[in-house]
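Visitor: Can you walk me through this one? I'd like to start with the helices and then move to the DNA.

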Amino acid sequence: MPWKETDDPYAIWLSEIILQQTRVAQGIKYYHKILERFPKVQDLANASEDEVLSSWKGLGYYSRARNLHTAAKTIVRDFGGVFPNTYDDILALKGVGPYTAAAISSFAFGLPYAVVDGNVYRVLSRYFGISDPIDERVGRLRLQQLAQECLVTGAPGDYNQAIMDFGAMVCTPALPQCVACPMSLHCRAYHEDRVSNLPVKAKKIAVRERHFLYFVIIRDQHILLSKRGRGDIWQGLYEPPLIEAKEQLSNIELAQKASLLLGKDISHRLLTPVERTKQKLTHQLIRATFYHFDLEVEHRDFQWFALTDLDQLAMPRIVDRHFKKMFSSGLQASLF
DNA sequence: AAGGCGTGGGA
DNA sequence: TTCCCAAGCCT
């Protein structure tokens, strides 16, 4: 992996933030792109939030990008632009938790801190046959402690890398390679035939279903968008004017709500959905319906953007994909 | 402490 | 299709 060829703590930090809850294959191109766009921590600190979010577009968990930006400013302001080199200072950075602090400490500075991520939970809970749920306090503490005891303190970086690689390639969540596994001789789960039952998770996530009705309004090669606020998904990302509904609305209700939203009476218009699509988040199912029309409107909540600038704006994937579809299919002309 | 926060890939 | 979930962190 490219970030294994560098000893720059900034690059290692970036790679670790990208890899939080993200597969290597998905994160790797973002790593190159973001490092090219912000080669030094100073470049990141001096950028605008929109620029940083834009570089993160499509990667998900956007608070990572906002926290990365905040931490870059901290490093420039409090550490003179030199990456902090103690576990506690690293842990104090916004967006850096126990896993990431241990990873940076060991990979960049050779400090003896054991990483505890999803791989480590899985490998250790199986090898030692531990059935305490890993999403509860007791199980987490027990595995953390075990991880630190197992750490090879003479080579913490290599050890940490090795146990995660082992979890990713051999001791995988589904279909682990037990037959070829060099650890199976002493693996408790293997001997007790409990591999597929470990690790244990106590809770499952409830998925909330939501209906988003988007109004794609284009005029003179400009499009009307607003920036999502705090307290909900996709904070800081751009999207067309939106109505959220409990379920399907009648045409009359739709026209009423749309008129209210846009500050303009559009009840005489026929609103035909151009596309219906959905996106599954970890804990929400978003069903989106896109309506298109041409309208002259000014509103303090919305802002006009040139269509040619759309690429540079961070948008939720469901919106991004809709736009891509609408421009590539040549539908645009017929739709407005 | 528990719930919120994205996305894409594999089974 | 549907489900699960991947190198977590914040509030």
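Guide: What follows is a short chat about a helix pair and a DNA strand. This is a predicted model, where local features need pLDDT of at least 70, side-chain atom pairs count only at pLDDT 80 or more, and totals for chains, interfaces and linings use all residues. Residues are numbered from 1 along each chain as written, chains are lettered from A and ligands numbered from 1 in written order, and side-chain values use heavy atoms, without hydrogens and water.

Visitor: At roughly what angle do the axes of α1 and α2 cross?

Guide: Roughly 140°. The axes of α1 (residues 9-18) and α2 (residues 24-37) come within 10 Å. Helices here are DSSP runs of H or I, at least four residues, numbered from the N terminus. Axes are lines fitted to C-alpha atoms over the stretch in contact, and angles run from 0 to 180 degrees between N-to-C directions.

Visitor: Which residues of α1 and α2 meet?

Guide: Tyr10, Ala11, Leu14, Ser15 and Ile18 in α1 meet Gly27, Tyr30, Tyr31, Ile34 and Leu35 in α2 (heavy atoms within 4.5 Å).

Visitor: What lies 2.7 Å from a phosphate oxygen?

Guide: An N or O atom in the side chain of Thr100. For Gly118, a polar backbone atom is 3.4 Å from one.

Visitor: Which helices supply at least two residues each to that surface?

Guide: α7 (98-109), α8 (118-127) and α10 (156-169).

Conventions: A polar contact is a pair of N or O atoms within 3.5 Å; within protein, one must be able to donate a hydrogen and the other to accept it, and residues adjacent in sequence count only if both atoms are side-chain atoms.
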